[in-house]
Amino acid sequence: MPALKATGLDALHPVLPNISSWRQYKAILRKDIAQELRTREMVTSMGLYGMLVLVIYYIALSQTGLDFDVTRIAAGLLLLMIVFTSMLGLNRSMIHEHDQGQLEALLLAPIDRPIIFLAKATTNLLFLLIVQIVVVPVFYIMYVSGSLPVQLGEIVPGPWWMIALGLTIGSIGVAGVGTLLATISVNSKGRDFILAVLFIPVMYPLLLVLVAALNAVIGGAVGFESVFWMNIAGAAIYNAVVIAAAFVLYDFILGV
Amino acid sequence: MAEYVHNNNQAEAASDTPAIIARGVSRSFGPRKAVDDVSFELPEKAFLSIFGPNGAGKTTLLKVLSTLLPITGKGSASVAGFDVKTQADELRRRLGIISHNPLLYPDLSAEENLRFFADLYCIPNPEERIDELFEAVELKHRRYDVVRGFSRGMTQRMSIARALLPKPEVLFLDEPYSGLDPHASEILDSLIANIRGNHTFVMVSHDLDKGLELASHALILSRGQIVLYDKTDNIEKEAFRGLYRKVVGLGVS
């Protein structure tokens with residue numbers, strides 16, 4: 001390799017470059033998106049799983065009889081589907097960083113650990129929202145707008161954008177908590193089990209307010225707007241607290 | 001084993017500024033001490049080869065020195081003049097690691113991998129640097145191919161390019177020759193020879209011949225403790241081999 005010296009490969013940096021957290025954040029984002037576009041592992045598996053959950057709902061509800069009003073439990077069903085599909089994808093997001101020691105390479109770089117958290121949580125949120133754009137309309141058609149022969153109540157649901165807003169705020173919490181817990185569990189033997197066991201209890205307060213918010217919109221009863229906004233505010237506070245805690249604790253969780 | 005004392009003073013004398021200082025470094029996993037009270041100083045631009053049986057604590061020591069694992073207890077260490085506990089970010093900017101694990105993203109192309117790490121280290125003019133490295137590791141023709149399709153040798157060459165991206169002052173090599181074909185070994189030899197003058201190297205190896213050939217300093221670890229540390233000039237090769245065989249025979253239990 002005679003050309004090596006000529007390339008200046010052996011020369012050290014005279015001045016070390018400035019570190020830009022924004023550049024590092026964008027790099028992780030771009031890398032995760034490029035990886036997903038190539039493998040389609042997370043979005044495809046979450047999307048398929050979401051559709052399968054809808055089929056299972058349909059089978060289960062087909063036995064409830066005509067006097068059962070599906071819209072009364074639609075918000076709960078919707079969130080259940082989102083929680084289950086999220087757990088599947090969130091696990092994959094950190095396994096990508098683990099298979100060949102990539103997380104070590106990431107940790108060896110001069111990057112603030114919370115930037116890694118923010119970037120991973122952002123890509124997880126993006127993938128969750130993409131899956132929801134596909135799966136939620138199908139759910140809406142089946143269980144809210146009444147295109148399929150399950151019994152629906154005599155109600156007019158609130159505007160769809162309120163449902164979309166509720167789901168987006170919920171997804172922010174799911175992505176934040178999920179990224180944190182996936183990081184905790186990735187180095188453990190029972191990582192699928194650990195994520196599932198920790199995820200639901202930590203998410204419990206968020207799920208509670210989101211069900212209340214979405215139930216109010218889907219039910220469309222008088223004054224549903226105030227119930228919706230009150231619960232959405234609760235969800236936003238939960239997200240702020242959990243994401244701030246994750247931001248502070250991420251260093252400790254990574255152990256370096 | 002009396003003649004093989006921990007001859008730190010002799011080794012230190014080779015240079016004024018140490019690139020690596022370890023003082024009472026320990027690392028435990030539960031009750032097991034993987035690294036136990038390790039102290040040594042390595043001069044700048046030296047090449048240290050670390051030998052020892054499996055489980056002796058070689059990789060753990062590298063991980064502690066590279067900030068990937070915290071020190072257990074009171075010990076301290078610095079690399080390139082920066083403390084591993086309190087100045088980790090500054091240290092990381094000056095450190096490159098080549099391991100038997102490629103630390104690459106197999107679903108990304110070679111170019112995407114290097115681009116990603118160039119952004120993590122905020123390297124100015126990344127294209128220029130990436131071109132330079134592809135030429136150096138002879139992978140220019142595969143730069144747009146996905147790493148998953150690379151042979152072991154090519155992956156390791158990519159790993160070398162990744163480690164050299166930020167022009168590190170200190171390079172840690174964790175069994176870098178393991179699984180390499182002769183051509184890839186030759187490229188690694190050549191790369192080390194070409195950059196040796198400006199960098200401090202620490203290499204973990206099971207290959208005594210290769211390790212001693214490259215090293216200016218040698219260290220044998222057993223059960224997390226230093227059995228021998230000295231300049232290779234002061235080491236009598238056959239006696240060293242005998243000691244190494246004895247240490248490997250002791251195992252780790």
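This report walks through a predicted model, starting with the helices of chain A and ending with the domains and cores.

## Chain A at a glance

Chain A is built from helices: there are eight of them and zero strands. Reading along the sequence you simply get α-α-α-α-α-α-α-α. Of its 256 residues, 48% count as buried.

Take the contacts in chain A with a separation of 6 or more, and 82% of them involve residues 24 or more positions apart.

Start with helix α2 (residues 41-61) and helix α3 (residues 74-95) of chain A, whose axes come within 9 Å and cross at roughly 150°. An angle over 145 degrees counts as roughly antiparallel, and α2(A) and α3(A) are therefore roughly antiparallel to each other. Their crossing is right-handed. If you want to find this contact on screen, the α2(A) side includes A:Met42, A:Met46, A:Tyr49, A:Val53 and A:Tyr57, while the α3(A) side includes A:Leu77, A:Met81, A:Phe84, A:Leu88 and A:Arg92. A:Gly50 in α2(A) and A:Gly89 in α3(A) are also part of this meeting.

α3(A) has another partner, α5(A): these two pack at an angle of about 145°, with their axes 10 Å apart. This crossing is right-handed as well. From α3(A), the residues involved include A:Ala74, A:Leu78, A:Ile82 and A:Leu90. Among those they meet in α5(A) are A:Asn124, A:Leu128, A:Gln132, A:Val136 and A:Phe139. A:Leu77, A:Met81, A:Ser86 and A:Ser93 of α3(A) take part in the meeting with α5(A), and they are also listed in the meeting with α2(A).

## A:Phe127, a buried residue in α5

A:Phe127 sits in helix α5 (residues 113-143) of chain A. Is A:Phe127 buried or exposed? With a relative accessible area of 5%, A:Phe127 is buried, because anything under 20% counts that way.

Leaving aside neighbours within four places in sequence, A:Phe127 is in contact with A:Asp32, A:Ile33, A:Glu36, A:Met42, A:Val43 and A:Met46. A:Met42 and A:Met46 are among the α2(A) residues that meet α3(A). The C-alpha atoms of A:Phe127 and A:Gly89 are separated by 8.4 Å, although the two residues are 38 apart along the chain.

A:Val217 is in helix α7. At 0% relative accessibility, it counts as buried. Which residues does A:Val217 touch, not counting those up to four places away in sequence? The list is A:Pro157, A:Gly158, A:Pro159, A:Met162, A:Ile163, A:Phe224 and A:Phe228. For a sense of scale, A:Val217 and A:Met81 are 136 residues apart in sequence and 18 Å apart in space, C-alpha to C-alpha.

## Two arginines with positive phi

A:Arg40 has phi near 50°, a positive value in a residue other than glycine. A:Arg40 is found in the loop between α1 (21-39) and α2 of chain A, and at 52% relative accessibility it counts as exposed.

Over in chain B, phi of B:Arg223 is near 50° too. B:Arg223 lies in the loop between β9 (217-222) and β10 (225-231), and it is partly exposed, with a relative accessible area of 41%.

Chain B is assigned domain 1 (2-94 + 168-250) and domain 2 (97-167). Their C-alpha centres lie 25 Å apart.

The largest nonpolar core has 102 residues, and the members touching the most others are B:Ile20, B:Phe40, B:Leu61, B:Val79, B:Leu120 and B:Phe172. Both domains of chain B supply at least three residues each to this core. Leaving aside neighbours within four places in sequence, B:Leu61 is in contact with B:Val25, B:Val35, B:Val38, B:Phe40, B:Ile50 and B:Leu221. There is also a second, separate core of 52 residues, which includes A:Tyr57, A:Leu78, A:Leu128 and A:Leu206.

Methods: Residues numbered from 1 in each chain as written. Chains lettered and ligands numbered in written order. Predicted model: local features only at pLDDT ≥ 70, side-chain atom pairs only at ≥ 80, totals over all residues. Heavy atoms only, no water. Core = buried A, V, L, I, M, F, W, Y, C linked by side-chain atoms within 4.5 Å. Buried < 20%, exposed > 50% of the residue type's maximum accessible area, 1.4 Å probe, protein only. Domains from an automatic or database assignment. Contact = heavy atoms within 4.5 Å. Axes fitted to C-alpha atoms, helices over the stretch in contact; angles between N-to-C directions. Helix = DSSP H or I, 4+ residues; strand = E, 2+ residues; numbered from the N terminus. Parallel < 35°, antiparallel > 145°, perpendicular 65-115°, else oblique. Left-handed = near helix turned anticlockwise from the far one by under 90°.
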